[in-house]
Amino acid sequence: MNASARGSTATSSLPRVVAASLIGTTIEWYDYFLYGTAAALVFGKVFFPNSDPLTGTLLSFLTYAIGFAARPVGALVFGHFGDRVGRKKLLVVSLLLMGGSTTLIGVLPTYSSIGVAAPVLLTVLRLVQGFALGGEWGGAVLLVSEHGDQRRRGFWASWPQGGAPAGNLLAAGVLSLLTAVLSEQQFLSWGWRVPFLLSALLVGVGMWIRLAVDESPLFKQALAAAEQRKAARTAAEQPPLVAVLRHHWREVLVAMGARMAENISYYVMTTFVLTYAVTHAHFSKQTALNAVLIASAIQFALIPLFGALSDRVGRKPVYLVGAVGVGVWAFVFFGMVDTRSFGSLLVAVTIGLVFHSAMYAPQAAFFSELFSTRMRYSGASIGAQFASVAAGAPAPLIATALLKDYGSATPISVYVAIAAAITVLAVLCGRETRGQDLAEVEPEAAAGAETEATTVAGKPATA
């Protein structure tokens, strides 16, 4: 099938695929970010009540960070099967796992009811969340990337990325509404459970939409070709993980490095900032949540614009602007929060998310274009999720510890700036992928397969 045929076939269902991916990722990020927001505002008090407020928050963020440890495992498992049986089936499984674990958190007994078993169970459910999200991201962005054409891939593939600010917007919005209408005692007693229980309804909607989407046509084509090779016994296909590490290890390292500034800055400026604004700058919970709420809405609108820009000028230039910008802005960010003005807090978070969007929007297309079809789910997921262990996982924890030890936000700004420098270096080392035909990202892997097929113990293979 030639490129134009693929584009015509794929584009006919593209809006539906984009909508399904966006809604699915929004629900999964809602579940995931809901935990982070609750960790900043609630869990320290209801699951670690015997600690002082900042230590309780630190312990709460520790359970939050543990969830990231499961994301690479999810990336490996979902990537392997997603590259073997398809993107759609694995996306359905990830949505069910995420929604189920989030709903169970909503009915979890607190420390006052069952003691230390409460934070243990909370941690287990957080691990399930991390496992599910580790498989969600790669499948969602690939489903869109492989349906679309290379001319506008940056724009279309950026829409699933909009699920992150949309999910954060939804999570912060529900919590903001509850804190506005409930007393502090009501919110800590039962109000915080409502958003978690709401996940069950959202997952039902997400499943209905996601099941109606077709499998990626590009994956179907690659699977058929692999079956033909298998039937002809021309080559034994390697497991996706082995193939990725053999043929795409450089691309995996580029993706991991590119994630550092994007991941760290986001969790510092949307999750940790809630703790900093409330405990250090003395904002109310409602005010801090409203700032993140408004900034997330603005980011949601910006992501497709940056995605479209990457189609015009390239993935790397847009990404580099975001990385450099966030590294510089980190030194302005906390000073603006410290003014204790809502306007300054809002501007600080919003501009931080503008720079983040410049990295996050082209990331889906950029990572998809780095890997070949039969190892794309594994490659993109491994690159993205293994980086999250070193980046997003400890970011709120490290930021909280730095604030506790130094009583100043300057070390936190330095931390973000170092991450930005790593990302700049990684992106500069990567190749520009704008306009890449996804069906043609095969040369090295194909060469490896051909070598294995034609040579056995130093002798030509026979049919």
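Mentor: A salt bridge is a side-chain nitrogen of Lys or Arg within 4 Å of a carboxyl oxygen of Asp or Glu. Keep in mind that this is a predicted model.

Trainee: OK. How many salt bridges does a search of the whole structure find?

Mentor: The search finds 6 salt bridges. One of them pairs Glu369 with Arg153, and their closest N and O atoms are 2.9 Å apart.

Trainee: Where do Glu369 and Arg153 lie?

Mentor: Glu369 is in the loop between helix 16 (342–368) and helix 17, while Arg153 is in helix 7 (residues 153–161), so the pair ties together parts that are 216 residues apart in sequence.

Trainee: Are Glu369 and Arg153 buried or exposed?

Mentor: Both Glu369 and Arg153 are buried.

Trainee: And what does Asp311 pair with?

Mentor: Asp311 forms a salt bridge with Arg315, with 2.8 Å between the closest N and O atoms. Salt bridges with shared partners join Arg153, Asp311, Arg315 and Glu369 into one network.

Trainee: Why does Asp311 count as buried?

Mentor: Because its relative accessibility is 13%, and the cut-off for buried is under 20%. Arg315 is buried too, at 0%.

Trainee: Switching to helix 13. Which residue forms a salt bridge with Glu262?

Mentor: Arg259 does, the closest N and O atoms being 2.8 Å apart. Glu262 and Arg259 are 3 residues apart in helix 13, which means they are separated by about one helical turn. Both are buried.

Trainee: What lies 3.3 Å from the backbone oxygen of Glu262?

Mentor: A polar atom of the Ser265 side chain. Ser265 is also in helix 13 (residues 249–280), and is buried at 1% relative accessible area.

Trainee: Which residues does Ser265 touch, not counting those up to four places away in sequence?

Mentor: Val326, His356, Met359 and Val416.

Trainee: New topic. How much space lies in the second largest pocket?

Mentor: About 240 Å³. Helix 2 (14–46), helix 3 (53–85) and helix 13 each give two or more residues to the lining of that pocket.

Trainee: Which helix gives the most to the lining?

Mentor: Helix 2, with 6 residues. The lining has 18 residues, and those nearest the pocket's centre are Ala40, Leu41, Lys45, Pro53 and Thr57.

Trainee: How many of the lining residues are nonpolar, polar and charged?

Mentor: The lining divides into 9 nonpolar, 6 polar and 3 charged residues.

Trainee: Last one, Ala390. Where is that?

Mentor: Ala390 lies in helix 17 (residues 376–390), and is partly exposed at 47% relative accessible area.

Methods
Residues numbered from 1 in each chain as written. Predicted model: local features only at pLDDT ≥ 70, side-chain atom pairs only at ≥ 80, totals over all residues. Heavy atoms only, no water. Helix = DSSP H or I, 4+ residues; strand = E, 2+ residues; numbered from the N terminus. Buried < 20%, exposed > 50% of the residue type's maximum accessible area, 1.4 Å probe, protein only. Polar contact = N/O pair within 3.5 Å; in protein donor to acceptor, adjacent residues only side chain to side chain. Contact = heavy atoms within 4.5 Å. 1 Å grid on protein atoms, 1.4 Å probe; cavity = no way out; pocket = protein on both sides within 12 Å on 5 of 7 lines; lining within 4 Å. Points joined across faces, edges and corners; volume = space filled by probe spheres on them. Nonpolar A, V, L, I, M, F, W, Y, C, P; charged D, E, K, R; others polar.
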